[in-house]
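Subject: Handover of a structure

Dear colleague,

I am passing the structure below to you for your further work.

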Amino acid sequence: MVAVRGLVKTFPSGVKALDDVSLCVRKGEVVVVIGPSGSGKSTLLRCINGLEEPDAGEVVVDGVRLPGPRKNRDRIRTEVGMVFQQFNLFPHMTVLENVCLAPTLVRGKSRAEAAEEGRGLLSRVGLSDKVDAYPAHLSGGQQQRVAIARALAMRPGVMLFDEATSALDPEVIGEVLEVMRGLAAEGMTMVVVTHEMGFAREAGDRVVFMDQGRVVEEAAAADFFLAPREERTRRFLSQIL
């Protein structure tokens with residue numbers, strides 16, 4: 001579903017965020033990407049959905065290649081849902097209006113059709129009672145669940161999560177992770193950057209460990225935590241587990 005081949009990305013500051021990164025994600029697979037801050041995890045996600053253009057290498061999502069013509073980038077952004085660390089909801093719109101905006105503008109759905117599907121998605125993330133609320137009246141966990149519903153409203157083939165719980169208070173992290181676990185159980189193809197090792201163990205099919213812009217180690221979730229092969233991986237895990 002997703003093929004990343006030889007990605008290189010250096011920022012104007014001289015920081016090499018990605019240094020020959022390759023990764024494949026099969027349809028229905030949950031790949032969890034972990035690593036220290038500044039290891040290139042978020043840049044990898046941003047290259048997958050076309051928010052960053054690599055200096056070298058390529059990304060192929062369901063047969064669509066980047067870098068490529070503008071239509072390729074637009075198509076990938078339509079087919080790939082992304083949930084950021086910050087919620088980025090429109091404060092002047094209700095919860096339902098936030099969820100319905102992209103399907104009506106991009107997919108061309110009628111307001112009635114988008115609203116019906118939006119209500120279903122909000123029920124799916126446990127927010128059917130917040131349809132008419134504004135973002136300012138929601139907790140951080142509720143806002144992030146709205147952001148997930150908004151991404152799902154585009155019916156993406158792949159979902160990317162960029163540290164979706166790191167800006168949340170500890171007591172509401174669980175409600176967002178529960179929605180993500182549900183998506184994983186339903187067979188959604190997911191690439192998840194997170195510091196939540198419990199989620200990586202329970203919901204991840206594979207874990208990828210990055211450091212200094214490179215993939216250091218990649219293994220099935222159970223094997224990764226039980227018997228990491230690389231010394232750098234073992235040191236990282238000893239600090240966070």
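Which strands does helix α5 lie across, and at about what angle does it run to β6? In this predicted model, helix α5, made up of residues 140–152, lies across β6 and β7 (158–162). Its direction is at about 170 degrees to that of β6. Helix α6 (residues 170–185) also packs on the sheet, where it touches β3, β7 and β8 (189–193). The direction of helix α6 makes about 145 degrees with that of β8.

The sheet

The sheet itself is open and consists of six strands in the order β6-β7-β8-β3-β9-β10, with mixed pairing. At its edges stand β6 (80–83) and β10 (214–220); each has a single partner strand, so one side of each is left without a neighbour in the sheet. From one strand to the next, the twist averages 15 degrees. Within the sheet, β3 (residues 30–34) and β9 (residues 206–211) pair in the parallel sense over four bridges. Isoleucine 34 stands opposite phenylalanine 209 of β9.

Aromatic pairs

A pair of aromatic rings is described by the distance of the centres and the angle of the planes. The structure has two aromatic pairs. Phenylalanine 209 and phenylalanine 236 form a tilted pair, with 4.9 Å from centre to centre and 35 degrees between the planes. Because phenylalanine 209 lies in strand β9 and phenylalanine 236 in helix α9 (residues 231–240), this pair ties together parts that are 27 residues apart in sequence. Phenylalanine 209 and phenylalanine 236 are both buried.

Phenylalanine 224 and phenylalanine 225 have ring centres 5.3 Å apart and planes at 80 degrees, so this pair is edge-to-face. Both phenylalanine 224 and phenylalanine 225 are buried.

Salt bridges

Side chains of opposite charge can pair when their charged atoms come close. Across the whole structure, the search finds 21 salt bridges. Among them is the one between arginine 107 and glutamate 79, at 3.6 Å from N to O. This pair links distant parts of the chain, 28 residues apart: arginine 107 is in the loop between α3 (95–105) and α4 (111–124), and glutamate 79 is in helix α2 (residues 70–79). Arginine 107 has 33% relative accessibility and counts as partly exposed; glutamate 79, at 31%, also counts as partly exposed.

Arginine 155 and glutamate 117 meet in another salt bridge, at 3.4 Å from N to O. Here too distant parts of the chain are linked, 38 residues apart, with arginine 155 in the loop between α5 and β7 and glutamate 117 in helix α4. Arginine 155 counts as exposed at 56% relative accessibility, whereas glutamate 117 counts as partly exposed at 23%.

The two helices described at the outset are joined by a salt bridge as well. The side chains of glutamate 175 and arginine 145 meet at 3.1 Å, N to O. Glutamate 175 lies in helix α6 and arginine 145 in helix α5, so the pair ties together parts that are 30 residues apart in sequence. Glutamate 175 counts as partly exposed, at 25% relative accessibility, while arginine 145 counts as buried, at 10%.

Finally, Arg26, Glu29, Arg206 and Glu218 are linked in a network of salt bridges.

Yours sincerely

Methods
Residues are numbered from 1 along each chain as its sequence is written. This is a predicted model: local features need pLDDT of at least 70, side-chain atom pairs count only at pLDDT 80 or more; totals for chains, interfaces and linings use all residues. Side-chain values use heavy atoms; hydrogens and water are left out. Two strands pair if DSSP finds at least two bridges between them. Axes are lines fitted to C-alpha atoms, for helices over the stretch in contact, and angles run from 0 to 180 degrees between N-to-C directions. Contact means heavy atoms within 4.5 Å. Rings of Phe, Tyr and Trp (its six-membered ring) pair if their centres lie within 6.5 Å; planes under 30 degrees apart count as stacked, over 60 as edge-to-face and the rest as tilted. Buried means under 20% relative accessible area, exposed over 50%, partly exposed in between (1.4 Å probe, protein chains only). A salt bridge is a side-chain nitrogen of Lys or Arg within 4 Å of a carboxyl oxygen of Asp or Glu.
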